[in-house]
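Please walk me through this structure.

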Amino acid sequence: MKKSLNRLLFKNLHIIDIENQSFIDGDILIEDGKISKLGKIEDISEITKIINCKGMQAIPGLVDIHTHLREPGEEYKETIRTASRAAVNGGFVAICGMANTTPTVDTIGTVKYILERGMKINLAKVYTYGAVTKNLEGKELSEINDLVKGGIIGLSDDGNTIMDPTILLRALSYVKMFDIPIVLHEEDINLSENGVMHEGDMQTKLGMAGIPDLSEDTITYRDLRIAEYVNGRVHITHISSKNTLEVIEIAKRRGVRVTCDVTPHHLILNDTKIEFFNTNYKMKPPLRSEKDRLSLIEGIKTGLIDIIATDHAPHAIYEKEVEFNYAPFGVTGLETAFPVLYTNLVKNDKITIFRFLEMLNSNPVKYFDIDIPTDIKEGNDATFIIFSDDKEWEINTDLFESKSRNNAFLGEKVYGRIEYTIINGDIKLEKRKIDKKKKGV
Amino acid sequence: MKWEKKDLITIEELSKGEINLILETAEPFKEILRRNIKKVPPLRGRTVLNLFYEPSTRTATSFSIAAKRLSAEIMSISTSTSSVQKGETLLDTAKNLEAMKVDMVVMRHLCEGAPKFLAERINASVINAGDGNHEHPTQCLLDLSTLKENVKTFNGLKVLIVGDIRHSRVARSNIWGLTKLGAKVSVCAPPTLIPQNIDVLPVDVYYHFDEAIKDKDVIYLLRIQRERMKKGLFPSTREYMNLFSMDRSRLKEAKKNVIIMHPGPINRGVELDGDVADSKNSVILNQVTNGVAVRMAVLYLLNGGNKNEKIIE
């Protein structure tokens, strides 16, 4: 049975025009999942629904290339359903799950399970990485051809740095026949040892075991040389320090095929936050010094840093509400990334909204083969988000659709609130709410 | 001045006035400890709990004696006998203590910040008896109280702390405490045992003991742990002793009236020569005695006591 044509009209928007780096005031008409008309729309006959968005802005949907879905295996922290809900609640229309699930994503079966669950839940688009090595052990390569056929967008052993350089050399060389990137979490575990926070001023005062920036930049250098040697494609994820950034800058200048990302928390917070042992500031890599933070800000301004990724890492409350040393590393990010970045970077003119979207929409799409439109134009798939910016609000746990609460921005006063998330003409988030009938999925 | 804080977690967060209040409050308790009958009533009916997640003889005993001298009920739990063995979290332990209406908890833990974690979650007062490599406030206070008996003023007093500064809660507390009272603190250790960002602490750094020793009024030795050697932080006990042991020949190089201190337990012959430990320059046993008086003062003040109150009729 053919569905009758669904015609949605969003009125009175401030609509971004990426191509011309400007905004226009007008309406968006959606027909059959596509944007059929932009601008002043007077004829409102045969419209299924009219939504007045006075004072709100429409921009392309956000894409997160570093999400921990936790399903399969740790469904008490997050599921593909709750992660998808968190995503659309935070303005993310696509998320990319890391391979460290249980079982790890090292067989085509797990790849298909994740992608099919994502499609069935039908909120954000769900993508996944595959493991570089079997069970993320850094020893034997996964059956990469299988994983690629299953639909992965890249390979990563994420939190488990591939410590044996020969394995990385072979992986980067082998993967060249598939043209997908290997995403690297750079941490020399011999140098970070049992560290729990950045080795610096605050760590010296608190006496806790430190993680030196050295553990990141030295192995980044090693891996970029390996990439250069085999002409492989690497993406360095969640870089945290000035020294790592300098290593990447040199590699880019030498023509190494490298891209990199940074998280919202490394851009906005520094290690002084740990003064009172709050485990919501415990993550890997650790929050670093103010000097490091400022260099990362510089990196997103100059374009040296390509992408902002959340490293959304949910953990149960009882796992985090323990002694700092015993808490797992990681914080959630899907639902707070937009407001904290918008407030701290866009609103105070560190970067433009266009540069912001380059890092959270068009670059992820470009480098990771993700099928999301990068502009709001007639004929495009109707996938975009609408936010309001009229008043300051405070981030608290009531906001969250994620199963977990371990967020580093609780209590922060922010601007910019996601009001609508629309994917292929389907309203996933409406007036800050996710349709109840989607709850049962 | 009146004591306002619910807990005693760090020396770093105390003002000079608060430190002096504790030291002054300790004085009458020292006098009580010299009497035949050493018990006074201020904490009668109060329940103090020693919660030790790390082995300790000296500190736990010192707190027990202090609490008993003040007529409190004191109980001791150590990890080997507690539900920690059954996997109970610190949060649940805190909730249970709260449910049992304990008034004060003396806590030692191998994790930095654990006493702070507990203090934020219970109404009872929490006293940090050492958290990882972070702080050991009552050790600092008893050291200050001992020094007070032996020097005219803290102003300009030159103190040298020797040993594993990097992994020492005693060093961190003493650096803050001594500096707040006006002393000039230096540290001396091989570079591997100095914290990476030592500049953030108000100290001068020496790598050579023989150079550092000359003009110091106080030399404070820290216990050296052999496990550090296994991690390659120094090559051997022998080499450490050659460079950093406080022995008789080094005592001759120091000022004539130099004060020798150590938080205990001593590795005799390693960081401190036995003869030096027992010499007239050593105040190590006075530190132990004063530990009880200072801990009495802390318990007393956290219980709402006032230093001007008459403690006994």
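This is a predicted model: local features need pLDDT of at least 70, side-chain atom pairs count only at pLDDT 80 or more; totals for chains, interfaces and linings use all residues.

For chain B, the mean pLDDT is 93, and 96% of the residues in that chain reach 70 or more.

Chain B is assigned two domains: domain 1 covers 16-136 + 291-302, and domain 2 covers 137-287. Taken over C-alpha atoms, the centres of these two domains of chain B are separated by 26 Å. Where they touch, domain 1 of chain B contributes 21 residues and domain 2 of chain B contributes 21 residues. On the domain 1 side of that contact, α1 (16-33), β4 (125-131) and α12 (284-302) of chain B each give two or more residues. The residues on this side of domain 1 of chain B divide into nine nonpolar, seven polar and five charged.

Strand β4 of chain B also belongs to a sheet. Four strands of chain B make up this open sheet, in the order β2-β1-β3-β4, with parallel pairing. Which strands stand at the edges? They are β2 (73-78) and β4 of chain B; each has a single partner strand, so one side of each is left without a neighbour in the sheet. From one strand to the next, the twist averages 15°. Strand β3 (residues 104-109) of chain B runs parallel to β4(B) and is joined to that strand by five bridges. Within this pairing, B:Val105 stands opposite B:Val126 in β4(B). Helix α12(B) packs on the sheet, where it touches β1 (47-52), β3 and β4 of chain B. The direction of α12(B) makes about 150° with that of β4(B).

Next comes the contact between the two chains. It brings 20 residues of chain B together with 18 residues of chain A. On the chain B side, α3 (90-99), α4 (114-119) and α6 (169-180) of chain B each supply at least two residues. The largest share on that side is three residues, and it comes from α4(B). By type, the chain B residues that touch chain A divide into nine nonpolar, seven polar and four charged.

Chain A has an open sheet of five strands in the order β9-β10-β13-β14-β15, again with parallel pairing. Strands β9 (155-156) and β15 (307-308) of chain A stand at the edges; because each has a single partner strand, one side of each is left without a neighbour in the sheet. The bridge partner of A:Leu155 in β10(A) is A:Ile182. Helix α7 (residues 214-230) of chain A packs on this sheet, touching β10, β13 (234-236) and β14 (258-262) of chain A. The direction of α7 makes about 165° with that of β13(A).

Another strand of chain A, β8 (residues 125-128), holds A:Tyr127. Is this residue buried or exposed? A:Tyr127 has 25 other C-beta atoms within 10 Å, and the cut-off for a buried residue is 20 or more, so A:Tyr127 counts as buried. Leaving aside residues up to four places away in sequence, A:Tyr127 touches A:Ala94, A:Cys96, A:Ile153 and A:Ile370. The C-alpha atoms of A:Tyr127 and A:Gly97 are separated by 6.1 Å, although the two residues are 30 residues apart along the chain.

The loop between α2 and β8 of chain A contains A:Asn122. A:Asn122 is not a glycine, yet its phi is positive, at about 60°. With 15 C-beta neighbours inside 10 Å, A:Asn122 counts as partly exposed. A:Phe277 also has a positive phi in a residue other than glycine, near 65°. A:Phe277 lies in the loop between α9 and α10 of chain A and is buried, with 24 other C-beta atoms within 10 Å.

That loop between α9 (264-268) and α10 (290-302) of chain A is also the place of A:Pro285. A cis peptide bond joins A:Lys284 to A:Pro285, with omega about -10°. Another cis peptide bond links A:Thr102 and A:Pro103, where omega is about 0°. A:Pro103 is in the loop between β7 (92-97) and α2 (108-121) of chain A.

How values were computed. Residues are numbered from 1 along each chain as its sequence is written. Chains are lettered from A and ligands numbered from 1 in the order in which they are written. A residue is buried if 20 or more other C-beta atoms lie within 10 Å of its own, exposed if 12 or fewer, and partly exposed in between; C-beta atoms are placed from the backbone. Two residues are in contact if their C-beta atoms, placed from the backbone, lie within 7 Å. Ala, Val, Leu, Ile, Met, Phe, Trp, Tyr, Cys and Pro count as nonpolar, Asp, Glu, Lys and Arg as charged, and the others, Gly among them, as polar. Domain bounds come from an automatic or database domain assignment. pLDDT is the predictor's confidence in each residue, from 0 to 100. Two strands pair if DSSP finds at least two bridges between them. Axes are lines fitted to C-alpha atoms, for helices over the stretch in contact, and angles run from 0 to 180 degrees between N-to-C directions.
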